[in-house]
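Please open the model in the viewer and keep the sequence beside it.

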Amino acid sequence: MTTVQRLLAASILVAVASIVFAAVRLATSSDKASTVPQAPIRASSPAVAEGEPAPEPAAARPVRAYSVKLRMGVPTPRAPRILARVGDEIRLTVTSLGAEDDVIVNGYGQRAHVTPEQPARLRFVTSLSGSFDVVLQTSGVKVADLEVRA
C-alpha cells in the first residue's frame, strides 16, 4: 500500500468515526423536547371597587403549552402528539438549531417563521375537531401531530 493510499484510508476512517460519534451524541442528548401539556392556566380575578357587585367569573380556557426542538430540521427526540379539545388554547414554541423555515398548522391557517436565533411561537384556540399536521413548509418535515376532540 502506498503512502497516499494509507493517508486516504486513514482520512476515511476518521470521517466515518466522526459521523458515528456525532450520531450517537445526537441520539443520546439529554435535552429532550417538552411534549407534556402544562396544567390549564386560569385567569386571575380583576380587582373590584368597594360597593360594586363582583363580576361573573369568566370561563377559563384550558391552555395546552408545548415545546419542540428541531435539530438539523428534524424534531428531537420525535414529533410530539398534541392532544386538545375544541375550545382549548394551544401555545406551541418551536426552536431550531440550524434550520430556517416556516412552521404551519394545517387546517388552522397558522404560520410562524423559525430561525436559529428566533423561535416560532404559535398561539391559537382550537375550533375544528380532527387530526392536523404541524409541518415545516419548505422541507415538509412533520413537527407535531395535533389531535383535537370535540
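Predicted model: local features only at pLDDT ≥ 70, side-chain atom pairs only at ≥ 80, totals over all residues.

Residues are numbered from 1 along each chain as its sequence is written, and side-chain values use heavy atoms, without hydrogens and water.

Colour next by secondary structure. The protein has 1 helix and 9 strands, taken as DSSP runs (helices H or I, at least four residues; strands E, at least two) and numbered from the N terminus. The order from the N terminus is α-β-β-β-β-β-β-β-β-β.

Now select Arg81, which lies in strand 3 (residues 81–85). Arg81 counts as partly exposed because its relative accessibility is 47%. Display its surroundings: leaving aside residues up to four places away in sequence, Arg81 touches Tyr66, Asp145, Glu147 and Arg149, a contact being heavy atoms within 4.5 Å. Ala144 is 63 residues from Arg81 in sequence, yet their C-alpha atoms are 5.9 Å apart.

Finally, select strand 5 (residues 101–105) and strand 6 (residues 110–114), which pair in the antiparallel sense over 5 bridges; pairing requires at least two DSSP bridges between two strands. Asp101 has Val114 in strand 6 as its bridge partner. Between these strands the hairpin has 4 residues, and Gly107 there takes a positive phi near 90°.

Notes:
Buried < 20%, exposed > 50% of the residue type's maximum accessible area, 1.4 Å probe, protein only.
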